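I opened this model to look up two things.

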Amino acid sequence: MREELRNKIIEVCDQKIDKKGLDVGLSFYAFFKNKNDQPEVLMEAARWWIETHELDHFEKASKIKDMLQSGV
């Protein structure tokens, strides 16, 4: 996963955790605007989330952040 996307996901996870606590869930759509102006980046996140790690539609933000920080 490109570094820019990894950093964006971690940033969004931090924001969600700060607002709603450690148990807040999110999907990979949370990292994008409602307008699909970056389809290749959206697909990169979807592949990482769905194909590579077989994650559920909603996962805890803390889990996603930990995975990315550990280099997964």
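**Ground rules.** This is a predicted model, so I kept to local features with pLDDT of at least 70 and side-chain atom pairs at pLDDT 80 or more, while totals for chains, interfaces and linings use all residues. Residues are numbered from 1 along each chain as its sequence is written, and side-chain values use heavy atoms, without hydrogens and water.

**Helix packing.** I took helices (H or I, at least four residues) and strands (E, at least two) as DSSP runs, numbered from the N terminus. I looked up H1 (residues 3-20) against H3 (residues 61-69). Their axes are 9 Å apart, at an angle of about 150°. Axes here are lines fitted to C-alpha atoms, for helices over the stretch in contact, and angles run from 0 to 180 degrees between N-to-C directions. H1 and H3 are therefore roughly antiparallel, a label for angles over 145 degrees.

Which residues meet? I noted contacts, meaning heavy atoms within 4.5 Å. H1 brings Arg6, Ile9, Ile10, Cys13, Asp14 and Ile17. H3 brings Ala61, Ser62, Ile64, Lys65, Leu68 and Gln69. The residues of this contact divide into 7 nonpolar, 2 polar and 3 charged. In that count Ala, Val, Leu, Ile, Met, Phe, Trp, Tyr, Cys and Pro are nonpolar, Asp, Glu, Lys and Arg are charged, and the others, Gly among them, are polar.

**Salt bridges.** How many salt bridges does the whole structure hold? I found 4, each a side-chain nitrogen of Lys or Arg within 4 Å of a carboxyl oxygen of Asp or Glu. I also logged burial: buried is under 20% relative accessible area, exposed over 50%, partly exposed in between (1.4 Å probe, protein chains only).

- Arginine 2 pairs with glutamate 44 at 2.6 Å, N to O. Arginine 2 sits in the segment before H1 and glutamate 44 in H2 (residues 39-52), 42 residues apart. Arginine 2 is partly exposed at 39%; glutamate 44 is buried at 15%.
- Lysine 60 pairs with aspartate 23 at 3.2 Å, N to O. Lysine 60 lies in strand S2 and aspartate 23 in the loop between H1 and S1 (25-26), so the pair ties together parts 37 residues apart in sequence. Lysine 60 is partly exposed at 41%, and aspartate 23 is exposed at 60%.
- Lysine 63 pairs with glutamate 59 at 3.2 Å, N to O. Lysine 63 is partly exposed at 37%.

**Glutamate 59.** Is glutamate 59 buried or exposed? It is buried, at 11% relative accessibility. Glutamate 59 lies in S2 (residues 59-60). Beyond its neighbours within four places in sequence, glutamate 59 contacts Val24, Gly25, Leu26, Trp49 and Ile64.

Technical notes. Angles under 35 degrees count as roughly parallel, over 145 as roughly antiparallel, 65 to 115 as roughly perpendicular and the rest as oblique.
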